[in-house]
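Let's take a walk through this structure together. Have the sequence and the 3D view open, and we'll stop at a few places along the way.

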Amino acid sequence: MTAGAGPSEKQPPAGSPAEEVTIRIDWTRCEGRGLCAELVPELISMDEWGYPVVAAGPVPPHLLGHVKRAASCCPVLALHAGRRR
Amino acid sequence: MRTTDRSLQTTPAPTAPRLLPALGPARLTARGQADGAASWADHLAAFPVDPRLAGREVTDLLARHAILGRGGAGFPLAVKMRSVAASKGRPVVVVNAAEGEPAIWKDRTLLRLAPHLVLDGAQLAAAALGADQVHVAVNPTYAPAHDALVRAVGERAARAADLAPIRVHVVPDAFTAGEASAVIRLIDGGAGGRPAFLHVVPSVRGVARRPTLLSNAESFAQLALLVRLGDAYADVGTPDEPGTMLFTVRGAVPEDVVLEAPVGTTVWDLLAGAGGLTEPLQAVLVGGYHGRWMPADVALATPLAVGAMRAAGGALGAGLVAPLPAECCPLHEVARVARYLADQTAGQCGPCVNGLPLIAGALADLARGEADAAVAARIARWSGLVAGRGACKHPDGTVGFVRSALEVFAGHVEAHLHGPCGLPRRGVLPVDGPLSAVPRQRVAADAVRGTR
């Protein structure tokens, strides 16, 4: 169990818009404070332990502002919204 | 040059699986049953071409003959190297010999036998990429491997054999300490041994924020063999996955062994080479504790290759092949390993910390015949909640192991709802023993610099 941890090494599939934003959680920081689920309930819910469950796929453009605000409001800076790398 | 930690000498040595003669050509294990590690002179005698070869050859050869990473993920080395080469900054090469899994001994065996072959591969990769540092992360609990590595590094430094100086880092003997991000963090001097959240892959930004080629120790040894053998490297193996691989075999075989075999050897043939089956089987665990259970008849016929295993519902992983005897409670085995994996959480990520113990507890109840009918549904729900929700792949790998077990042992799961099965609870798969008795080390004990 070694290689391949973390973000995917694969390139995004051809034709996917370069500006697609996805949500990633730094699980080593996340403490389940829950602000993100309150700020973007359309995309983020809570699991039974209080940690965020993020809807799969890119962030729809009309929610980008909310997601960015949630990222900046996270008290432990565990929420990241960015382009795929 | 020996480790300075006295505790290693007072702890009973873990019993290393015996190395058996290779099936097919002995490449990694060309020195066969030799005692002790190859010195530089032994190494050159066994592998007669001088390793100081041009980096350009590496790229050309890798384009013709794929080497899939031997650490578990099976990711093509050439793709990683291209990604490193395309990224900004002077590259770094990291050899991962952390091997924190108690069931698997192939990297420790390889280092004990042929440390210079591993280091040759790292130096060839460094030359191809223009890297100026090589780091080796090693699990110190098996002293013959650790000591062979340190001695080999010293020999090379004394001879100014390498362009890129080599540093050895001792990793904690923990399952997740071998995760790429944990190894990078250890080398960077951070809290050693625990995985970290990475914004980008190590090949873009890893050690010291530089592009980092991190691969398993055997992958680098394979690279050294490829450069030595040229196109003859592909004389064995499958067209897509040429060469040989090291396997660890334990379970319904005469003894725990490590052996080299061509990629594409069927599980049946490998087991025959490991001394043959000692009793009837009910299933085979392939890959490791992040691998997959397979029904015995499916597993035995499947070639040990990344693609073939995947197609058959298995996973080649890091080459564990563990035939499970029919005469033992499989759910007891599964529950023990699940408990071990839950205990091996690095304790950082909420879903893993909360979910794995619940899954392990439910499996233990089930194995004892004390679970209610909804247990499978609960395990499935928790599995869905931990997979993909950690800084590393420990939750994902654990869930893969558990899910495949519930599928392959579905009949046992059903029967256990009405009480224990009565089969012996044997504990075939190792989960602790001497390895866990060794105190964990948190700092690099050895740092050996080469010249220049």
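**A walk through the model**

Start with chain B, whose secondary structure comes to 18 helices and ten strands. Keep in mind that what you're looking at is a predicted model. Chain B has 452 residues, and buried ones make up 60% of them. If you take the contacts in chain B with a separation of 6 or more, 76% of them are between residues 24 or more positions apart.

Now for some helix pairs. Two packed helices are described by the angle between their axes and the distance between the axes. On the α13(B) side, the contact is made by Leu331(B), His332(B), Val334(B), Ala335(B), Ala338(B), Arg339(B), Leu341(B) and Ala342(B). From α14(B), the residues taking part include Leu356(B), Pro357(B), Ala360(B), Gly361(B) and Leu363(B).

Is Tyr340(B) buried or exposed? Its relative accessibility is 10%, so Tyr340(B) counts as buried. Leaving out residues up to four places away in sequence, Tyr340(B) touches Gly100(B), Pro102(B), Phe175(B), Tyr289(B) and Val431(B). Take Tyr289(B) from that list: Tyr340(B) and Tyr289(B) are 51 residues apart in sequence, with 9.6 Å between their C-alpha atoms.

The next pair is set up at another angle. Helices α6 (residues 115-129) and α9 (residues 217-229) of chain B cross at roughly 75°, and their axes come within 7 Å. That makes α6(B) and α9(B) roughly perpendicular to each other. Among the residues that meet here are Leu117(B), Val118(B) and Asp120(B) in α6(B), and Phe220(B), Leu223(B) and Arg228(B) in α9(B). The contact of α6(B) with α9(B) divides into twelve nonpolar residues, one polar and two charged.

Time for some backbone. Most residues other than glycine have a negative phi, and most peptide bonds are trans. Glu99(B) has a positive phi, near 30°. You'll find Glu99(B) in the loop between β2 (92-97) and α5 (106-113) of chain B, and at 8% relative accessibility it counts as buried. Arg209(B) isn't a glycine either, yet it has a positive phi of about 60°. This one lies in the loop between α8 (180-187) and β5 (212-216) of chain B. With 61% relative accessibility, Arg209(B) counts as exposed.

Last stop: chain A and its helix α2 (residues 64-73), where Val67(A), Ala70(A) and Ala71(A) are buried. Why do these residues sit on the same side of α2(A)? They cover an arc of only 100° around the axis, which puts them on one side of the helix. An α-helix has 3.6 residues a turn, so residues three or four places apart point the same way. Turn to the face of α2(A) away from its buried side and you'll see the exposed residues Gly65(A), Lys68(A) and Ser72(A). Covering the buried residues of α2(A) are, among others, β1 (21-25), α1 (35-39) and β4 (79-83) of chain A.

Methods:
Residues are numbered from 1 along each chain as its sequence is written. Chains are lettered from A and ligands numbered from 1 in the order in which they are written. This is a predicted model: local features need pLDDT of at least 70, side-chain atom pairs count only at pLDDT 80 or more; totals for chains, interfaces and linings use all residues. Side-chain values use heavy atoms; hydrogens and water are left out. Helices (H or I, at least four residues) and strands (E, at least two) are DSSP runs, numbered from the N terminus. Buried means under 20% relative accessible area, exposed over 50%, partly exposed in between (1.4 Å probe, protein chains only). Contact means heavy atoms within 4.5 Å. The arc is that of the directions from the helix axis to the C-beta atoms. Axes are lines fitted to C-alpha atoms, for helices over the stretch in contact, and angles run from 0 to 180 degrees between N-to-C directions. Angles under 35 degrees count as roughly parallel, over 145 as roughly antiparallel, 65 to 115 as roughly perpendicular and the rest as oblique. Ala, Val, Leu, Ile, Met, Phe, Trp, Tyr, Cys and Pro count as nonpolar, Asp, Glu, Lys and Arg as charged, and the others, Gly among them, as polar.
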